[in-house]
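Subject: Structure handover

Hello,

I am passing this structure on to you.

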Amino acid sequence: MYNIVTLQKKGQSLPDLALVMLGAGSSSRFNQRVKKQWLRSEDTPLWLFATQNLQQLFPFKQIIVTTTPDEHFYAKKFSESITFVEGGATRQESLANALLHVKTPFVLVSDIARPCIDQEMLVRILAEMENNDIVVPYLPAVDTVVYENATINRDHVKLIQTPQLSRTELLRKALQTPTLYTDDSSAIKAIGGKVAYVLGNPEAKKLTCKEDSATISCLKAPSSTPFVGEGFDVHAYEEGKVMMLGGVEVHPTTGFKAHSDGDVAIHALIDALLGAAGAGDIGELFPDNDPRYKNIDSKLLLREVCSFLAKVGFEIVHCDLTIMAEFPRLSAFKDKIRFCLADIMAISPIHVNVKATTTEKLGFVGRQEGVATSATATLKYYDWTNV
Ligand SMILES: Nc1ccn([C@@H]2O[C@H](COP(=O)(O)OP(=O)(O)OP(=O)(O)O)[C@@H](O)[C@H]2O)c(=O)n1
Ligand SMILES: C[C@](O)(CO)[C@H](O)COP(=O)(O)O
């Protein structure tokens, strides 16, 4: 590792450092269905790419990543060694949550939205840590700067970047304030801490708006690999209920025994979609003991899954369902189901296929105890290079 060699050459020993990666933002200025955290560089989401980039530059004792509560379960599936912490409503709150887990005297904090940190910049930061409370990379202003209609001396202006290296205890203390700061150094400065500024790097630009994607030079285009998932679900019949299959009412008086509306076709499809994304299964998202999902219309669940998949960087390419039912006959409903599902998934109806079959009176389907559905779904990464 070049930076370590450099530091050791300068006679410095390596400090114990924790890395905090802030990734719990709402990505609102990015203004896309996909959140910037989840853009893929080849096969790696941006938050992990940014983390791994720093990880290969320094042997951190701890790595902590903040995520939004709804993405937390999915982010955790990417790594066993990272500590994932739920973020708060602001960057500052997310940082305070992460700091509760830091065990080292110094902590390096970076925005996942600044993925292109190079080793020279990190070395410049580490080299200043000993005699300061926080070390902050910056870029000088190169344009004319007007502040409240008055041109000011641009030599006095610094454009602040991350990562910033702080004394952990002092940073914790600095964040115990109702004042909202947009970075760590402003908070530490406000309590009288000693701030060292070192030269940053234009390459360490923050991804804020969608137009920035093309300028984040270290990111590679997403892989074009298709991901195929499969799902399977069964529900027993229950009299006195409407039967919903694939979002369509197919029988007025014989429905399904279930916590939700029991739409076995949508449930299998959801599992196929989640399977393709590596996101577990329907029960992880919508537990069947959660009162919010009692008798819920499964179309709402499918909508939520589609919006989750879009948020974490996927597009739906195709799906195929086989509904196994002895009763009712489904031939008249297959196209209606297809159009209904395609509409919810916002894909062409020709990319949704629905098949129905009996099981020749064999098994629980054949004995008319219930209905089963198997489904496959194909996803691909959202291609941000086309935006
Ligand atoms: N509540 C928050 C808000 C922001 N961040 C993180 O702080 C960094 C800087 O924030 P920014 O780039 O502004 O990201 P967002 O807050 O997601 O963007 P926006 O303001 O456009 O919604 C990002 O890596 C973001 O994920 C965070 O961890 N928790
Ligand atoms: C921390 C930061 O990246 C330094 O420039 C910046 O202040 C983050 O601000 P944002 O409004 O949360 O993007």
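This is a predicted model: local features need pLDDT of at least 70, side-chain atom pairs count only at pLDDT 80 or more; totals for chains, interfaces and linings use all residues.

Residues are numbered from 1 along each chain as its sequence is written, chains are lettered from A and ligands numbered from 1 in the order in which they are written, and side-chain values use heavy atoms, with hydrogens and water left out.

Cysteines

A disulfide here is a pair of cysteine sulfur atoms within 2.5 Å, and the count by that rule is 1. The partners are Cys116 and Cys218, with 2.1 Å between their sulfur atoms. The torsion about their S-S bond is about -80°, so the disulfide is left-handed. Cys116 sits in the loop between strand E6 (106-111) and helix H5 (119-127), and Cys218 in the loop between strand E12 (195-199) and strand E13 (227-239), so the bond ties together parts that are 102 residues apart in sequence. Helices (H or I, at least four residues) and strands (E, at least two) are DSSP runs, numbered from the N terminus.

For accessibility, buried means under 20% relative accessible area, exposed over 50%, and partly exposed in between (1.4 Å probe, protein chains only). Cys116 is buried at 7%, while Cys218 is partly exposed at 26%.

The sulfur of Cys319 is 8.9 Å from the closest cysteine sulfur, that of Cys306, which is too far for a bond. Cys319 is buried, at 0% relative accessibility. Cys340 is in no disulfide either, its nearest cysteine sulfur being that of Cys306, 11 Å away. At 18%, Cys340 also counts as buried.

Domains

The domain assignment, with bounds from an automatic or database source, gives domain 1 (4-215) and domain 2 (227-386). Their centres, taken over C-alpha atoms, are 41 Å apart. In contact (heavy atoms within 4.5 Å) are 15 residues of domain 1 and 18 residues of domain 2.

The buried area, meaning the accessible area (1.4 Å probe) that two parts lose on being put together, summed over both, is about 1,500 Å², with 59% from carbon and sulfur atoms. Arg33, Arg40 and Tyr74 supply 38% of what domain 1 buries against domain 2, more than any other three residues.

Between the domains there are 2 salt bridges, each a side-chain nitrogen of Lys or Arg within 4 Å of a carboxyl oxygen of Asp or Glu. Lys311 and Asp70 form a salt bridge at 2.3 Å, N to O.

Regards
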